[in-house]
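Subject: Handing over the structure

Hello,

Here is the structure I promised to pass on. Please open it first, then read my notes below.

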Amino acid sequence: MGARRLLTAAASLVALVAGWEGYKWLGGRTDDKWPLTNVGLPISTDDLTMPPSADILGAFLDPVQRGGSESLAVFLLKAAWFTLREASVGFVLGTIIGLLLAALMLRSKIAERGVLPWVNISQTVPLIALAPIVVTWGRTNGWGDTFSVALIATYLTFFPVAVNALKGLQSPAAADIELMRSYAAGWRETLFKVRLPAARPYLFPAFKLAATLSVVGAIVGEISAGVRGGLGRAILDFAGRYSTGPAKVYAAVIAAGLLGLVAFGLVSAVERLVVRGPRTAEL
Amino acid sequence: MTSQSRLDAWWPPIAFGLVFLAGWEAIVRVFDIQEFLLPRPTSIVAALRTEWAGEVGPGRITNLREAGWETGKVAVLGLVLGVVLGALLAFITTRFRLLRESFTPLAVIANATPIVALAPIFNAWFGITGIASNVGVVVVVVFFPVFINVARGLVEVEPNQLELMRSYAATPGTILRQVRIPNALPFFTTALRLAAPLSVIAAIVAEYFGGPTNRLGPVITQNASFSRYDNAWAAIVVASGLGLALFAIALAIERAVNPGRAPIEAS
Amino acid sequence: MNAVQVRQCDMTFNAGAANQVQALKGIDLTVEGGEFVSLIGPSGCGKSTLLRLIGDLITPTAGNLEVFGKSAAQARIDRDYGMAFQQAGLFDWRKVAANIALPLELMGWSRSDRSARTAEMLQLVKLDEFGDHYPWELSGGMQQRVAIARALSFSPRLLLMDEPFGALDEMTREHMQSELLRIYEDLGTTIVFVTHSISEAVYLSSRVIVLSPRPGRIHSIIDVDLGHRSEGVRESAEFFKRTTEIRAALRAVEEAG
């Protein structure tokens with residue numbers, strides 16, 4: 001089962017590279033126009049705009065700085081680790097806030113009706129705009145820029161956790177809640193013995209989504225806050241120096257995508273360890 | 001909904017919102033927090049008023065109304081294109097299972113990649129001037145949730161219904177029309193509801209990487225760099241308002257298309 | 001002291017609102033200790049509502065209820081009764097043994113006491129080997145047995161059952177009925193049992209209460225005197241007589257409504 005997935009993933013990667021190179025080859029033959037027409041192709045196929053895939057792969061092994069000894073791969077690994085630390089803090093904070101909000105909305109119907117719409121709307125505020133403001137706050141209050149980035153990651157994480165935790169906590173059938181009432185069990189006992197276990201199939205997909213979002217938030221935060229050392233900075237720097245090394249930006253973007261996957265995978269691994277019994281359907 | 005239940009539904013969020021704003025105003029005044037750290041809601045409202053339709057000139061690059069309009073254009077164009085592409089590809093891959101199984105992991109990976117990373121690449125591909133590059137970012141952001149959800153809707157049909165159609169010797173085309181598409185409609189509207197605010201955010205993110213300055217992104221950054229945080233927040237409010245407006249439209253479409261059905265949960 | 005005493009109870013849902021519904025009106029009922037009483041009637045006659053009133057899961061809008069001489073609320077707090085529903089309602093994330101032990105956990109029993117009692121209950125419902133399984137690994141009938149074991153685990157004096165065998169096939173159902181009777185005779189628990197099935201009501205109970213709907217009222221009470229249920233009792237003349245009587249009562253109820 002897992003082997004099949006791996007195979008199809010590998011096949012899609014091969015298809016992607018084939019498509020990339022195929023498009024470049026076509027553009028090279030038709031001078032960047034649609035075949036048999038004089039209409040220009042949407043993306044120019046020269047090596048500067050679209051570096052050959054071999055170049056992109058090779059860039060990982062090349063030194064990150066001309067004449068330097070550190071390879072791009074190692075550099076990106078360090079940057080990814082930096083970003084992952086910020087993302088993890090953001091993930092933990094966001095999860096805690098999300099769960100607390102869900103518990104609040106569970107306890108009080110009025111709180112649910114009053115707070116849930118705002119929780120839903122919170123994600124329409126463009127985070128990238130708030131980021132520099134959060135960093136300024138952080139600097140006046142004395143906490144480091146990396147913590148500000150973690151806070152920005154928190155903002156993206158709390159939402160799926162809060163919404164899905166609430167749904168999961170409200171999911172038990174009325175009969176199950178009646179059963180607990182027949183045992184004269186209190187709200188807290190019902191929460192721990194019935195609602196929380198019932199919420200598990202809702203919680204883990206939310207955690208997985210939150211994990212990828214925390215990486216996104218960390219990178220967005222790094223870029224708009226100008227924090228050095230992480231993948232966001234790397235992407236920004238390589239983008240600025242695009243003409244001298246176009247392949248590097250692609251490499252950094254690939255690294256960012258892989259980091260998101262790693263975060264997803266870490267939560268999946270935890271899920272496998274923690275959950276016995278019926279599992280959730282895969283996304 | 002009766003007017004009583006509508007009132008019941010509306011007063012808690014409005015009450016909470018007002019309490020929150022009042023608390024914000026009070027905290028800033030009482031603790032005498034500097035404007036550059038956290039402006040008062042009242043100053044933000046004032047900034048909104050002055051900046052909304054202000055004279056454009058050397059002192060002010062653009063007013064909020066124009067910036068909102070320009071960003072809105074990018075967002076809506078990207079939204080429509082992304083939705084169309086996502087739905088189209090979902091249709092195509094329904095027919096060919098192998099295609100879907102190989103494409104979906106790519107889609108999931110791409111969805112996990114921060115969109116922020118795409119902007120510089122798109123600038124290299126499509127150039128900084130004009131709207132193509134920014135629209136491209138929005139299209140990519142919108143495309144994947146739409147594709148994933150519509151594909152789910154077209155494929156995850158109840159086996160009973162498929163068996164029934166097969167017993168009628170229905171062709172795949174008929175099954176598509178009579179069963180799969182109606183089944184997929186709620187998934188589509190859910191994805192639309194998600195993608196609408198995302199399109200605005202993606203547009204603004206793309207604007208951070210360069211391009212014309214008469215849009216919301218540059219307005220926010222420039223005001224922030226000159227410490228005019230009240231103006232920056234006013235622009236943020238406009239951006240949120242834009243996202244909300246698109247969200248409301250998506251919601252209306254959802255209600256119109258799926259009368260009486262409970263909304264589907266998105267993947 | 002009677003097990004259950006219902007006096008002039010009314011139950012109106014959404015009182016005062018546009019969608020108000022009077023589920024029960026003027027219910028007078030006495031259940032003696034050790035009796036097995038069935039509630040039967042067409043849909044909407046309020047039998048499940050009455051059961052929930054006895055269990056203090058809802059409060060009557062008028063009238064008064066006593067369970068073992070106390071208010072229904074007090075009886076619930078004192079955990080004087082156990083409940084079983086049509087859906088077994090077992091928790092998927094707990095093994096069978098842990099499901100049976102749930103009320104005992106809530107009552108603060110020690111781990112050793114809990115496992116001892118759970119083993120007893122598994123024996124009682126003849127599921128000795130299945131304590132370590134998960135509910136979804138068991139058939140519908142077995143899940144219901146676990147639900148009954150759970151309801152009885154803390155030895156309540158009263159058992160409230162809302163169509164617990166409704167979702168089972170005929171053969172399993174008859175088997176479960178015999179099992180329930182065996183347990184009833186062993187433990188001497190008072191049982192109030194809601195059902196749709198005439199033959200089930202006659203087979204199990206000593207008294208059958210027929211309810212009429214809109215609003216729910218007691219239409220008739222039929223005594224069933226079949227003595228100890230032997231193998232052939234379902235084919236006996238007395239059995240037939242009682243089922244006919246109840247069927248006639250139900251028909252009268254339908255025609256009136």
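The notes below go through the chains, then the sheet, then a helix and some backbone details.

First, the ground rules. This is a predicted model, in which local features need pLDDT of at least 70 and side-chain atom pairs count only at pLDDT 80 or more, while totals for chains, interfaces and linings use all residues. Residues are numbered from 1 along each chain as its sequence is written, and chains are lettered from A and ligands numbered from 1 in the order in which they are written.

**Chains A and B**

Chain A brings 47 residues to the contact and chain B brings 38 residues. Two residues are in contact if their C-beta atoms, placed from the backbone, lie within 7 Å. On the side of chain A that touches chain B, six helices each supply at least two residues: α1 (2–30), α4 (109–122), α5 (127–141), α8 (187–225), α9 (231–240) and α10 (246–274). Helices (H or I, at least four residues) and strands (E, at least two) are DSSP runs, numbered from the N terminus. α10(A) gives the most, with nine residues. By class, this side of chain A has 34 nonpolar, 12 polar and one charged residues. Here Ala, Val, Leu, Ile, Met, Phe, Trp, Tyr, Cys and Pro count as nonpolar, Asp, Glu, Lys and Arg as charged, and the others, Gly among them, as polar.

**Domains**

Chain A is divided into domain 1 (1–50) and domain 2 (65–274). Their centres, taken over C-alpha atoms, are separated by 33 Å. Domain bounds come from an automatic or database domain assignment. Chain C is divided too: domain 1 is 4–80 + 161–256, and domain 2 is 88–155. In chain C, 25 Å separate the two centres, again over C-alpha atoms. Nine residues from domain 1 of chain C and nine residues from domain 2 of chain C make the contact. The domain 1 side of it divides into six nonpolar, one polar and two charged residues.

**The sheet of chain C**

Six strands form an open sheet in chain C, in the order β6-β7-β8-β3-β9-β10, with mixed pairing. Two strands pair if DSSP finds at least two bridges between them. β6 and β10 of chain C are the edge strands, and each pairs on one side only. From one strand to the next, the twist averages 20°. Axes are lines fitted to C-alpha atoms, for helices over the stretch in contact, and angles run from 0 to 180 degrees between N-to-C directions.

Which strand is largely enclosed by the rest of the structure? That is β7 (residues 158–162) of chain C, because five of its five residues are buried. A residue is buried if 20 or more other C-beta atoms lie within 10 Å of its own, exposed if 12 or fewer, and partly exposed in between; C-beta atoms are placed from the backbone. Both faces of β7(C) are covered, with L158(C), L160(C) and D162(C) on one side and L159(C) and M161(C) on the other.

β7(C) pairs in the parallel sense with β6 (residues 81–84) of chain C over four bridges. There, L159(C) is the bridge partner of G82(C). Five bridges join β7(C) to β8 (residues 190–195) of chain C, also running parallel. M161(C) stands opposite F193(C) in β8(C). The chain crosses from β7(C) through helix α6 (residues 170–187) of chain C to β8(C), in a right-handed β-α-β crossover. Right-handed is meant as follows: with the strands pointing away from the viewer, the path from the first strand over the helix to the second runs clockwise.

β9(C) and β10(C) pair in the antiparallel sense over six bridges. V210(C) stands opposite S220(C) in β10(C).

**A buried helix**

Eight of the 11 residues of helix α3 (residues 96–106) of chain C are buried, so α3(C) is largely enclosed by the rest of the structure. Among them are V96(C), N99(C) and L104(C). The cover over its buried residues includes α4 and α5 of chain C.

**Backbone details**

Most residues other than glycine have a negative phi, and most peptide bonds are trans. R214(C) has a positive phi, near 50°. The peptide bond from R214(C) to P215(C) is cis, with omega near -10°. P215(C) lies in the loop between β9 (207–212) and β10 (217–223) of chain C. R214(C) counts as partly exposed because it has 15 C-beta neighbours inside 10 Å.

Best wishes
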